Amino acid sequence: MDIAAVISNDATKEKTGIFFPSMFPTLSIVDPDLMMSVPPKFTAYQGMDAFFHASESVINKNEHVVAEMFALKAIELIAKYLPIAYKDGNNKEARYYMAIANTLAGYYMNCISAHTMEHVMGSYHEEPMIKMARAMGVEKPTSGKDFIRALDALLESIDCADLKMSEAGITREEMKLYPQRVHEVLGGEITADPLPLSDEDYLEIYEKSFR
C-alpha cells in the first residue's frame, strides 16, 4: 500500500530503495486471514521491521504530525499484539491488529540512517523516546531508557533478543567498509537524523552490535 520497493545488486553489494508516486497501488488488499500461515520467526521479523519504521518516523527531525500520529499508533499495536501473534499465529485478533499496525507504519516511512541508531540517540533526544515508551504501555516514562527497556522486553518476548550478525555471515572485517557505503547507497536518509553521526560513529555502532 506504499510507494516503496527495494532493489538488491549482488554484484556491487548494494541494496537501496526506490520511491515514485506512480508506484502507489490503485487498490491494496490487507487481509489478516492471508497472514495466518506466516511462521513465527517471520512474524517476529516482519513485525519488528514495521516497529522500527514507525520509530524512525517519531525520531526523524523532520517532524510531521500525521506521520507521528500513525507511527505511535503502530508502535502501540505492535507492542501489544506482536507477542500474541508470535506465540499463536492463528489468533485472528492479533493478526488483524498487526495488519493495521503494519499498514499505518507504511503510510509515512520517514527513515533515518539505520534501524538501530535509537540506542545512540536516546540520551540526547529524550522526548521522542518518551512518546514511544508511553505508546508501548510504560506508565509515566521519564527518559529514553524507559523506551529501551520496553523495546528489550518486546524483543525478548518474540525470541529476537539473541540474534547475531555473525549468524547471518557478517564479519568484523567487512564492517569497516560499511560507513562509506551508508553515504553511497542509502543517500539522503542520514540527513534526517536528529543527532549527526560521523563515519566513526557508524563503525562504532556496528562493532558494538556485533556478536
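Analyst: On a 1 Å grid over the protein atoms alone, a pocket is an open set of points with protein on both sides within 12 Å along at least five of seven lines, and lining residues have an atom within 4 Å of a point. The model is predicted, local features need pLDDT of at least 70 and side-chain atom pairs 80 or more, while totals for chains, interfaces and linings use all residues. Numbering starts from 1 along each chain, and side-chain values use heavy atoms, without hydrogens and water.

User: Which residues lie nearest the centre of the second largest pocket?

Analyst: The lining of the second largest pocket has 14 residues. Helix 1, helix 2 and helix 5 (126–135) each give two or more of them. Nearest the centre are V58, N60, E63, E68 and K131.

User: At what angle do the axes of helix 1 and helix 3 cross?

Analyst: Helix 3 covers residues 92–107, and its axis comes within 9 Å of that of helix 1. That makes helix 1 oblique to helix 3, the crossing angle being roughly 40 degrees.

User: Which residues of helix 3 does helix 1 meet?

Analyst: Contact means heavy atoms within 4.5 Å. From helix 1 come T43, G47, A50 and A54. In helix 3 they meet R95, M98, N102 and A105.

Terms used:
1 Å grid on protein atoms, 1.4 Å probe; cavity = no way out; pocket = protein on both sides within 12 Å on 5 of 7 lines; lining within 4 Å. Helix = DSSP H or I, 4+ residues; strand = E, 2+ residues; numbered from the N terminus. Axes fitted to C-alpha atoms, helices over the stretch in contact; angles between N-to-C directions. Parallel < 35°, antiparallel > 145°, perpendicular 65-115°, else oblique.
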